[in-house]
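Subject: Structure handover

Hello,

Here is the structure I said I would pass on. My notes follow below it.

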Amino acid sequence: MLLKALRIGLGQLIIFIDFITRPRPMQRTAEAQALVVQAAAGLSLYQFRACPFCVRTRRRIRQLNLPIKLHDAMHDPLARKALQDQGGAIKVPCLRIDENGQSTWLYDSKVIIKYLQERFA
C-alpha cells in the first residue's frame with residue numbers, strides 16, 4: 001500500500017515537472033510543417049502517462065513539433081490489447097510506424113528518439 005502511494009506520488013511529480021519544464025516546439029515554415037504532418041500521419045506512441053521514459057519520448061516529440069497520436073496503454077484496454085497482440089509485449093514507450101501497409105513497432109525510448117531525430121530534425 002505504501003509503495004503504491006509512493007509510486008503514484010512520484011508519477012504525479014514527474015508529470016508536474018514535465019509540465020513546468022516543457023520544451024518549445026521547433027519552428028518550421030508552413031510548407032515544411034505540412035510535410036512533417038503528412039510524414040507523421042502513420043505514427044502512434046503507446047505510452048503510460050507517468051512513465052519517465054515515456055515523458056522523455058513525449059518531450060522529444062513536442063520539441064520536434066510532431067503530431068503523433070498518443071495511446072494510453074495503461075487506461076485504454078484497446079490500446080493495451082493492440083500493444084500486446086500486434087507489438088508483442090506490453091512495454092512502453094512503443095512507437096508504431098504504419099508505412100506501405102505494414103506496421104513496425106519500435107520499443108525503447110532511446111531507439112524511438114533516435115528514429116524521430118534522424119527522420120524529422
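A disulfide is taken here as a pair of cysteine sulfur atoms within 2.5 Å. By that cut-off the structure holds 0 disulfides. The sulfur of Cys 54 has its closest cysteine sulfur in Cys 51, at 3.4 Å, which is too far for a bond. For Cys 94 the closest cysteine sulfur is that of Cys 54, 9.8 Å away, so this pair is too far for a bond as well. Both sites can be described by relative accessible area, with buried meaning under 20%, exposed over 50% and partly exposed in between (1.4 Å probe, protein chains only). Cys 54 is buried at 0%, and Cys 94 is buried at 0%.

Before the rest, some bookkeeping. This is a predicted model, in which local features need pLDDT of at least 70 and side-chain atom pairs count only at pLDDT 80 or more, while totals for chains, interfaces and linings use all residues. Residues are numbered from 1 along each chain as its sequence is written, and side-chain values use heavy atoms, with hydrogens and water left out.

The sheet

Helices (H or I, at least four residues) and strands (E, at least two) are DSSP runs, numbered from the N terminus. Two strands count as paired if DSSP finds at least two bridges between them. On that basis 4 strands make an open sheet with mixed pairing, in the order β2-β1-β3-β4. β2 (69-72) and β4 (102-107) are the edge strands, each pairing on one side only. From one strand to the next the twist averages 25°, where axes are lines fitted to C-alpha atoms (for helices, over the stretch in contact) and angles run from 0 to 180 degrees between N-to-C directions.

Strand β1 (residues 43-47) runs parallel to β2 and is joined to it by 4 bridges; Leu 45 stands opposite Leu 70 of β2. The pairing of β1 with β3 is antiparallel, over 4 bridges, and there Ser 44 faces Arg 96 in β3.

Contact below means heavy atoms within 4.5 Å. Helix α3 (residues 52-63) lies across β1 and β2, at about 155° to β1. Helix α4 (residues 77-87) packs on the sheet and touches β1, β2, β3 (94-99) and β4, its direction making about 100° with that of β4.

How long should helix α1 be? The expected span of a helix is 1.5 Å times one less than its number of residues. For the 19 residues of α1 (residues 2-20) this gives 27 Å, in agreement with the 27 Å between its end C-alpha atoms. Gly 11, Ile 15 and Asp 18 are buried in α1. They cover an arc of only 65° around the axis and are therefore on the same side of α1; the arc is that of the directions from the helix axis to the C-beta atoms. An α-helix has 3.6 residues a turn, so residues three or four places apart point the same way. The buried residues of α1 pack against α3, whereas the face turned away from the buried side carries the exposed residues Leu 2, Leu 6 and Ile 20.

Which residues does Leu 116 touch, leaving aside its neighbours within four places in sequence? Its contacts are Leu 43, Ile 61, Leu 64, Leu 66, Ile 68, Leu 95 and Ala 121. Leu 116 sits in helix α5 (residues 109-120) and is buried, at 0% relative accessibility. Between Leu 116 and Ala 5 there are 34 Å in space, C-alpha to C-alpha, and they are 111 residues apart in sequence.

Backbone points to check

Val 92 and Pro 93 are joined by a cis peptide bond, with omega about -5°. Pro 93 is in the loop between α4 and β3.

Asn 65 is not a glycine but has a positive phi, near 60°. Asn 65 is in the loop between α3 and β2 and is partly exposed, with a relative accessible area of 25%. Asp 108, also not a glycine, has a positive phi of about 85°. Asp 108 lies in the loop between β4 and α5 and is partly exposed at 34%.

Regards
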